[in-house]
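This report walks through one protein model, from a single loop residue out to the whole fold. Keep the structure open while reading.

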Amino acid sequence: MLTTQYVTGSPSWFDLATPDLDAAVAFYTGVFGWTYTPGGPEVGGYGTFQSAGRTVAGAMTVPAEQGAPGWNVYFQTTDVEATARAVEQDGGSVTLQPVDVMELGRSAYFKDPAGVGFSAWQPKAMSGMEAAGEPGTLAWVELSTPDVAAALGFYHAVFGWETTEVSFPGGTYTTVNPAAAGPDAMFGGVVPLDSDPLEAEAGAYWMPYIEVADADTSAAKARELGGTVRMAPMDVEGVGRLGKIADPFGGRIALITSASAAS
């Protein structure tokens, strides 16, 4: 699972784009127990979520005509300009050129060759999330993509990721980890888009997984607050209990109660 020991290629931040920030904040604070700190005009109203007093995610208003609601994952880089060049050289595109985020760091927005959005973060004053891999925080990310081999080749070229095939009942699962940290630092997986009818219908996507104390309780709370339970929580041997939800505007996110946490 994720930690805050960030190295090149590891997820270090994620944020929400939503057409109704107040309603989205009410939903996510209700489901995950987060608190929210609104941002001022100097950051365009970009605010942050906290779990147990530590900043764990961001959120901003994006009108529907400017982009679909959803979560965006940022991966660590030491040179965002070099990352942008690598993205373009390997078949992706730059949707927002590298830019300073005050004194906090530099970021850029991209699409991979399958059209999946993601970002890079070059830290300055802010390294990234202040907590990860524990209840109320980002624990895993998963890419659903139409061409797993092509995606792995692209992200290896851009971030140097390594892969490991992990055996599960019924098949294998491809995990990814930063080259500098080895397989013990795996933080996510890559799956075929057509392996999940939900994702095949909704489209290729980087899915954030939030560690929760009880996936069933969190799913029920999401439904109560106007969201959708896209996949009812289910047990995955050796992993934990997983579910998928969407907020009232269609932003997709997943739940995990890790086997290690539940034992």
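Which residues does Gly227 touch, not counting residues up to four places away in sequence? The contacts are Phe27, Ala222, Ala246, Asp247 and Pro248. The model behind this and every other value here is predicted.

## Gly227 and its loop

Gly227 sits in the loop between H5 and S14. Is Gly227 buried or exposed? Its relative accessibility is 12%, so it counts as buried, the cut-off being under 20%.

One of its contacts spans a gap in sequence. Gly227 and Asp247 are separated by 20 residues along the chain, yet their C-alpha atoms are 4.4 Å apart.

## Helix H5

H5 covers residues 215–224, and its buried residues are Ala215, Ser218, Ala219 and Ala222. Why do they fall on the same side of H5? They cover an arc of only 100° around the axis, which puts them there.

S14, S15 and S16 belong to an open sheet of 8 strands. The order is S10-S11-S12-S9-S13-S16-S15-S14, with mixed pairing. Its edge strands are S10 (162–168) and S14, each pairing on one side only. From one strand to the next, the twist averages 25°. Helix H1 packs on this sheet and touches S13 (205–211), S15 and S16. The direction of H1 makes about 165° with that of S15.

At the S10 end, S10 pairs with S11 (residues 171–177) in the antiparallel sense, over 7 bridges. Within this pair, Glu165 stands opposite Thr174 of S11. Strands of a sheet pair through backbone hydrogen bonds, either parallel or antiparallel.

## Strand S16

How many of the residues of S16 are buried? The count is 7 of the 7, so S16 is largely enclosed by the rest of the structure. In a regular strand the side chains alternate between the two faces of the sheet. In S16, Arg252, Ala254, Ile256 and Ser258 point one way. Ile253, Leu255 and Thr257 point the other way. Both sets are buried.

S16 has a parallel neighbour and an antiparallel one. S13 runs parallel to S16 and is joined to it by 3 bridges. In that pairing, Leu255 of S16 is the bridge partner of Ile210. S15 runs antiparallel to S16, with 7 bridges between them. There, Ala246 has Arg252 of S16 as its bridge partner. Ala246 is also among the residues that Gly227 touches. The hairpin of S15 and S16 has 5 residues between the strands, and Gly250 takes a positive phi near 100° in it.

## The sheet from S1 to S8

A further open sheet is formed by 8 strands in the order S2-S3-S4-S1-S5-S8-S7-S6, and its pairing is mixed. Which strands stand at its edges? They are S2 (35–37) and S6 (93–101). Each has a single partner strand, so one side of each is left without a neighbour in the sheet. The twist here averages 25° from one strand to the next.

Inside this sheet, S5 (residues 70–76) and S8 (residues 117–123) run parallel and are joined by 3 bridges. Tyr74 stands opposite Ser119 in S8.

## The whole protein

The secondary structure comes to 6 helices and 16 strands. Buried residues make up 49% of the 263 residues. The C-alpha trace spans about 45 × 45 × 35 Å along its principal axes.

How does the radius of gyration fit a compact globule? For 263 residues such a globule would have a value near 18 Å, and the protein has 17 Å, which agrees. Among contacts with a separation of 6 or more, 59% come from residues 24 or more positions apart.

How values were computed
Residues are numbered from 1 along each chain as its sequence is written. This is a predicted model: local features need pLDDT of at least 70, side-chain atom pairs count only at pLDDT 80 or more; totals for chains, interfaces and linings use all residues. Side-chain values use heavy atoms; hydrogens and water are left out. Buried means under 20% relative accessible area, exposed over 50%, partly exposed in between (1.4 Å probe, protein chains only). Helices (H or I, at least four residues) and strands (E, at least two) are DSSP runs, numbered from the N terminus. The arc is that of the directions from the helix axis to the C-beta atoms. Two strands pair if DSSP finds at least two bridges between them. Axes are lines fitted to C-alpha atoms, for helices over the stretch in contact, and angles run from 0 to 180 degrees between N-to-C directions. Contact means heavy atoms within 4.5 Å. The radius of gyration is taken over C-alpha atoms; the globule rule is 2.2 Å times the number of residues to the power 0.38.
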